[in-house]
Amino acid sequence: MTLRIFGVLGLALGLSVAGLRADVIEQVLVKVNGEILTKTDVEQLQVSALRASNPNVTAADLQNDVALRKMLDEVTPRVIVNAIDELLLVQRGRELGLKMTDEQFNGILANIRKENKLDTEEKFQAALKQEGLTIPGLRKAFEKQMLINRVQQQDVFARISISEEESRAYFDAHKEEFLTNESVTLRELFVRAATTAPAEGPAAAQAAMTAAREKIEQIRQRVLKEDFAAVAGEVSDAASKANGGLIGPLGVEELNPDIQKLLSTLKVGQVSEPLDAGNGYRLLKLDARVPRKQATFEEARDQIADKVFNQRRAGEVLKYLERLRAQAIIEWKSPSLKAAFDVGVVEAGKALVEEAAKARPAAPPKAGSNP
């Protein structure tokens, strides 16, 4: 049985493995302010990362030494950096006195049961058993993720301030993000031509189209006097009949060029001449038109703040984690894992620089330079 619960829990459980089994005596690979990551912890995190990055990985792949080594080399730097950063964030959360209450955890369980239709305790317990999960394990996983989120919110996000100058610079460099293209809302009414058999020949098909044309011309005279939506709901053969023929809003640039040309000749409230649809005829009414508009800075202020915040928060989190690492006592028992950690830290920094470069507006050409 495949349940959404495990999509929700997969990440949280992967994150919860590290540091939760101090009672098991095994090989310790690293200590972070006294909390340990064991060989089993790291292996389980590696397997979770392999499955997340390559859902098609097979048992045979994990038995192939060359293939396995290549995959591990790719995921281990990220795995060990994430594991240590998460331990540091959880430790910080404990320093702040954060914890998950019974009420919060029970609310999470209630949502899981509802989303997965586990309406009885027996079904819920069976689902947990099938995946080898336990209630205490779930609580540790969700509490860990809660602590991480709360610490980032309190120590990082709440301290990000965005200046007027920064907001205006973003707006000037990304004005197209605050441009609303022209859109229209239409109503349609369709009359389908009677179906004819191939044996009846082209004359029969043409007669059916002629009849459809005559019918829709009569209907057009009605909608010029009556409510278009009411008539469409009564006689239209289109699926939009249920909504009074309503279509849209639609971006004008997304429409067929012929329709764009037609709409350019209509004013709001006007009805088109009958349009040949191949298998019948259609009427279109221009219900509403929203012109192309460039938002002003003041109109876009809230959107700008969100965009600048999202652009900066990854970098601020990385700076915060760098401070936590610098203040932490990290004791490495595995030189190879320490080397992977160093690689992961560099990779994280490079990724952030590349992301920032993509978001940064291009510099204007210098005076006198060729365009």
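Trainee: Is D287 buried, partly exposed or exposed in this model?

Mentor: The model is a predicted one, and in it D287 counts as partly exposed, because its relative accessible area is 28%, which falls between the limits of 20% for buried and 50% for exposed.

Trainee: Which residue does the side chain of D287 meet in a salt bridge?

Mentor: The general idea is to look for a side-chain nitrogen of Lys or Arg within 4 Å of a carboxyl oxygen of Asp or Glu. Here the side chain of D287 meets that of R187, with an N to O distance of 3.3 Å. This pair links distant parts of the chain, since R187 belongs to strand β4 (residues 183-192) and D287 to strand β7 (residues 280-290), 100 residues apart. R187, at a relative accessible area of 16%, is buried, whereas D287 is partly exposed.

Trainee: How many strands form the open sheet that holds β4 and β7, and in what order do they stand?

Mentor: Four strands form this open sheet, in the order β5-β4-β7-β6, and the pairing is antiparallel. The edge strands are β5 and β6 (275-276), each of which pairs on one side only. Between β4 and β7, which run antiparallel, there are 10 bridges, and T185 stands opposite A288 in β7.

Trainee: Which strands of this sheet does helix α9 touch?

Mentor: Helix α9 (residues 201-223) packs on the sheet and touches β4, β6 and β7, its direction making about 35° with that of β7. Helix α10 (residues 228-235) lies across β4 and β7 and runs at about 35° to β4.

Trainee: Is the peptide bond from G248 to P249 cis or trans?

Mentor: Most peptide bonds are trans, and most residues other than glycine have a negative phi. The bond from G248 to P249 is cis, with omega near 10°, and P249 is found in strand β5 (residues 246-251), which is one of the edge strands of the four-stranded sheet.

Trainee: Where does N33 lie, and what is its phi?

Mentor: N33, a residue other than glycine, has a positive phi near 50°, and its place is the loop between β1 (28-32) and β2 (35-38). With a relative accessibility of 38%, N33 counts as partly exposed. Another case is K117, whose phi is also positive, near 55°, and which lies in the loop between α5 (102-115) and α6 (121-130). K117 is exposed, because its relative accessible area is 66%.

Trainee: How do β1 and β2 pair, and over how many bridges?

Mentor: The two strands on either side of the N33 loop pair in the antiparallel sense over four bridges, and the bridge partner of K31 in β2 is I36.

Trainee: How many salt bridges does a search of the whole structure find?

Mentor: The search finds 28 salt bridges. Among them is that of R113 with E121, whose closest N and O atoms are 2.7 Å apart. R113 is partly exposed at 24% relative accessibility, and E121 is likewise partly exposed, at 36%.

Trainee: Where do R301 and E298 lie, and how many residues apart are they?

Mentor: Both lie in helix α12 (residues 297-327), three residues apart, which is about one turn of the helix, and their side chains meet in a salt bridge with an N to O distance of 2.8 Å. R301 is partly exposed, with a relative accessible area of 28%. Salt bridges that share partners join R301 and E298 with E164 and R168 into one network.

Note on methods
Residues numbered from 1 in each chain as written. Predicted model: local features only at pLDDT ≥ 70, side-chain atom pairs only at ≥ 80, totals over all residues. Heavy atoms only, no water. Buried < 20%, exposed > 50% of the residue type's maximum accessible area, 1.4 Å probe, protein only. Pairing = 2+ DSSP bridges. Contact = heavy atoms within 4.5 Å. Axes fitted to C-alpha atoms, helices over the stretch in contact; angles between N-to-C directions.
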